[in-house]
Amino acid sequence: MHRQRLSRRLVPVLTPLFMVGIAYSLLSLSGPGAVTGRPAEPFASTATPVPSGCQATVDKTLDRNTVILGENVLASLVVSATCGAKLGPIDLIILADESFSMTKSKAPGGGSVPGDPTETPDPGSGTPDPGGGGISTPDTGSKPGEEPTWCDPKGFELEPTATPTRRFPPRRTPTPGIEEEPTDEPLEAAGDTDLIREEKNWLRDFLDQDVVKRDMASDRLRMGFVSFSDGAKVKQGLTNDASNILSASNRMRGSDLSFIGQAFREVDRVYTGGGSRTDAERTKVLVILSDFHFCAKDIRAALSGKDRPHVFTVGFGRSYNTRYARDLASDPRLVMKPGDIKEMMNLYEVLIAPPKPITLKVMTVRDTLAANMRYVPDSANPPTVTLTDQTLEWVLDRVPVTLTYRVEPLGPEPGIFPVSDLAEFLWTDSLDLLGRAIFPVPQVEILAYTPTPSATPTNTPTETSTSTPTLTATPTNTPTRTPAPAYLPFTLRMWPELVPTPEPTRCVPGSQTIDIALIIDTSNSMSDPTQAGGQRKIDAAVAAALEIINLLKPTDQAAVISFNGTAELVSMLTSDKAALSAAVNSLPAKQAGGTRIDLGLATGAAELDSVRHLPANTRAILLVTDGEQLDNGGPQAVLDAANAAKAAGIKVLTVGLGQDVNAAVLRAAASDPSLFFTAPKAEDLAQLYREVARLIPCP
């Protein structure tokens, strides 16, 4: 019985390499049957909501609200929109090692039986180097880069039997003249710790994370469970029931050898089995739990896959093979230890499965003029307008945008009239959902034209028929009234900067040029929404910054700075909107712990003081943060950095996002208390940025 069991284990080892491939193919075909698990259920977020979830902001104004019949007015339509993000489906598989190296030896003191020559050190691991140089090779005489001897069939002595078996050398000095019988020891030695139990504990902690519970409850996240040793077993197909995953992990018992190549084949079966989603929609994630004591050929086979998912590796044991853990991970940042669950959750949300932004695909503005209003030909801007009867229509390729045209009120009588019957913004978003927003309809007062008064005609005196002429008073001409100023009601729209002063400074933002540093908080807390079910703060900050970039004129420049525990100049001062947009879109991937506002301010001020600054441009900093600096100098360090920027002639505007900011510090950091702004909700940030953008150009 023992010999047959040993022979079965050694078949993959003793067979030539091409036969190993055939054996693995047969195992794949004859492995576990239909993947078990709950029936596929529709992913909650794919239900089609009506209408589109994008929010549009529209406004329509006139340059003046009172005209004399025969004059015209300028109408302006302002359109902007913000969209949320789609949470795409995720299929995540736990691949857990249950080989003997993950079990605890029953020998006294743990580990292998003392003196057992079958114990093979891990090639890429060992005890920590006292010199701090990473991992040192175990003191067993093995060389770095070696792999377990059972991986190489040349290392075994074969018996000439129908079923190849391995003859193990004796574990003690043989007695002369007495031939030792081969012992039936495991090919892979057990360790001194029950690592399978640690895998189960880790899995419980993972399933207890709020992010995981949230996504499994919404059916965004489905998980499967595969274990492996000398073979691989699908213990649970894709499911959104965490108890099924825990139950599957409890069925791990431990078995000889670690062949991860077969395990990858079973993982592929789960990805295509029951409960999986279509490739076009889902994100595939694989989490490998192991000590990574594998054969090199298995690693090569695993890395040769064309459609690799995102792969996390979680190394267990003090001597796990760090080299193979790094090789198997799809990104160096995804190499984890059991205690790194919080960091893993952050990477899951930011790097692996971030929300996919929803965009507007088809956008149309229609404005149907009232019957007594006439469109002034060739007055539309942009001129790409279609006029059908009384309806003007623009097809847009971007937002925000401002559309203008001139309209002449026709009367016929004086009075107050609406300019339009209906003005609307229509769109289709990237989810093919329809949206509509109605513009307000301004009214215009039409005054009748009053001619200038003329002189009153006088009678010519005539003689009377009496002999005695009687003098009559000669009528005098009625004097023409001298014209006096007449005040008609009208609306004067002025920029906020035109505040009456003894000598008012008239700054028109459209004629000013700026160099602006966009300094954006990328701490981990920016992944949270400001309200339940709302937009993530980092997504709102990115969308708002993109609006600022779209408003830049060719002579304007911007720089992008991110800060968390450190600060980074993501983009130098430039007028290249494509480069700036790419820099802003990269910010979610830069999230990390810490809130060093002072470093962000200092980095922004240094860039505005660099050779890239254009002397004719007004310099400004726009800072947005959702927290406060509590260490590394605390609030005083923030104020010192802000004061240094202001002393250099840089205007500082600050935005507090959410409820956790230190408003007093941000207000003091701004160049003026009026230049501190609050956005209690992430959704408020884009509108707030549009208002702030008007204040930036004027010194």
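Helix α6 covers residues 260-272, and its 13 residues should span 18 Å at 1.5 Å a residue, which agrees with the 19 Å between its end C-alpha atoms. The expected span is 1.5 Å times one less than the number of residues in the helix. Helices here are DSSP runs of H or I with at least four residues, strands are runs of E with at least two, and both are numbered from the N terminus.

This is a predicted model, in which local features need pLDDT of at least 70 and side-chain atom pairs count only at pLDDT 80 or more, while totals for chains, interfaces and linings use all residues. Residues are numbered from 1 along each chain as its sequence is written, and side-chain values use heavy atoms, with hydrogens and water left out.

Among the buried residues of α6 are F264, V267 and Y271, where buried means under 20% relative accessible area, exposed means over 50%, and partly exposed lies in between (1.4 Å probe, protein chains only). In helix α5 (residues 242-249), the buried residues include I245 and A248. Seen down the axis of α5, its buried residues fall within an arc of 100 degrees, so they line one face of the helix; the arc is that of the directions from the helix axis to the C-beta atoms. An α-helix has 3.6 residues a turn, so residues three or four places apart point the same way. The buried residues of α5 pack against α3 (195-207), β6 (221-228) and β7 (232-239), with contact meaning heavy atoms within 4.5 Å.

The largest nonpolar core has 57 residues, and those with the most contacts inside it are L601, I621 and L685. Helix α10 (residues 537-551) gives the largest share of this core, eight residues. A second, separate core of 36 residues includes I245, F312, M344 and Y348. Such a core is a set of buried Ala, Val, Leu, Ile, Met, Phe, Trp, Tyr and Cys residues joined through side-chain atoms within 4.5 Å. Among the residues that L685 touches are A540, A541 and A544.

Two further residues are set out below.

| Residue | Relative accessible area | Class |
|---|---|---|
| E349 | 16% | buried |
| T359 | 41% | partly exposed |

E349 lies in helix α9 (residues 341-352), and, not counting residues up to four places away in sequence, it touches V211, R214, P354, P355 and R536. T359 is found in the loop between β11 (356-357) and β12 (360-369), and its C-alpha atom is separated by 8.4 Å from that of G84, although T359 and G84 are 275 residues apart along the chain.
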